[in-house]
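Please look over the sequence and the model shown here before reading on. The briefing then takes up a few topics in turn.

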Amino acid sequence: MSTNTRPSPEIVTFGESMGLLTAKDTRGLEYAATLDKSFGGAESNLAIGVSRLGHTSGWFGRLGNDPIGNMILKAIRGEGVDVSRARMSDKEPTGLMIRENASGKASVHYYRKLSAASAITPEDLDTDYIAGAQILHVTGITAAISASGLATVEAAIHIAKQAGVKVSFDPNLRLKLWSAEEARPVLLRLAEQADYFLPGLDEMKLLYNEEDDQKVLERLSAMNAVCIVKGGPDLTYVLVNGTLTEVPYFKADRVLDTVGAGDGFCAGFLSGLIKGYSPQEATRLGNLTGSMVIQAVGDWEALPTWEQVEAKLNNVAHVER
């Protein structure tokens, strides 16, 4: 499908965004009296993060033509993200996730089987839209939600490669969607096609079935992609042409919610690449945006603007009143 009528955003991504209900009661969902309403999705989180950092981004996917789906679409559009290629379905519902923190243990319950997003197919792709971007960002979540989701990821990567568009891939391994054994061949195959591979160290230990950090890094160094490995001991690993660089984290003043940190990192990293930064410099920016996300509550609400990032980098003091 091709319906391009205007220039593509710099970064294009797609995937499932779901309604999010959060039980605030520490006794857990079963006994919670109220739920907070929002939404979340790795790809839409990233698109919002990129937009807030001053670049153009586009997100598309399938949402149910229902109140939750309409809320999600309006909110993403309101953050300056192009949603012109998103589709609303009258046949399938928007997916839902419910989060609780009972007795100090955080859990997420998913209601996404047969969701509108899982019905995405390669026919939903706008070839010119992808081909006109600078970077296509995809995740392993879309590959996991359905066979047609995986086919769509593969088709999108093919379009990007044919057009010379860089491909960014975050495996985002979700063990509630599939086992490590099921995910391993699929995610490693997709990683081989990426220009930028953005896994977590713990994810690679599962995918490589290897507990030794150095052996994991050695295997990654053989890949053609630039590998940015999150989750090292107070640092992020950058592997470029087999050369390893360690980029330290930014210290967070407080940690309130770690959800969305990875998406915040990826948004910062990809924005850095668009700005012309080296992979190491872009990783430093990603480390900063990731550290800023975890200092507030929410999947995407705490993603920083470029002005906030610059203030942090320049140590600008906050004036309360």
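This is a predicted model: local features need pLDDT of at least 70, side-chain atom pairs count only at pLDDT 80 or more; totals for chains, interfaces and linings use all residues.

**Helix α1**
- Helix α1, which runs through residues 42-52, is mostly covered, since 11 of its 11 residues are buried.
- Among the buried residues of α1 are Glu43, Leu46, Ile48, Val50 and Arg52.
- After α1 comes glycine 54, a residue whose phi is positive, near 95°.

**The cavity**
- The structure holds 1 cavity of 30 Å³ or more, and the largest cavity has a volume of about 30 Å³.
- The lining of the largest cavity is made up of Phe14, Gly15, Glu16, Gly61, Arg62, Ala117, Ile120, Thr142 and Ile145.

**Threonine 142**
- Threonine 142, one of the residues that line the largest cavity, lies in helix α4, which covers residues 140-145.
- Threonine 142 counts as buried because its relative accessible area is 3%, and the cut-off for that term is under 20%.
- The side chain of threonine 142 makes a polar contact, at 3.3 Å, with the side chain of glutamate 43, and glutamate 43 is itself one of the buried residues of α1.

Conventions:
Residues are numbered from 1 along each chain as its sequence is written. Side-chain values use heavy atoms; hydrogens and water are left out. Buried means under 20% relative accessible area, exposed over 50%, partly exposed in between (1.4 Å probe, protein chains only). Helices (H or I, at least four residues) and strands (E, at least two) are DSSP runs, numbered from the N terminus. On a 1 Å grid over the protein atoms alone, a cavity is a set of points where a 1.4 Å probe fits but cannot get out, and a pocket is an open set with protein on both sides within 12 Å along at least five of seven lines; lining residues have an atom within 4 Å of a point. Grid points are joined across faces, edges and corners, and a volume is the space filled by probe spheres set on the points. A polar contact is a pair of N or O atoms within 3.5 Å; within protein, one must be able to donate a hydrogen and the other to accept it, and residues adjacent in sequence count only if both atoms are side-chain atoms.
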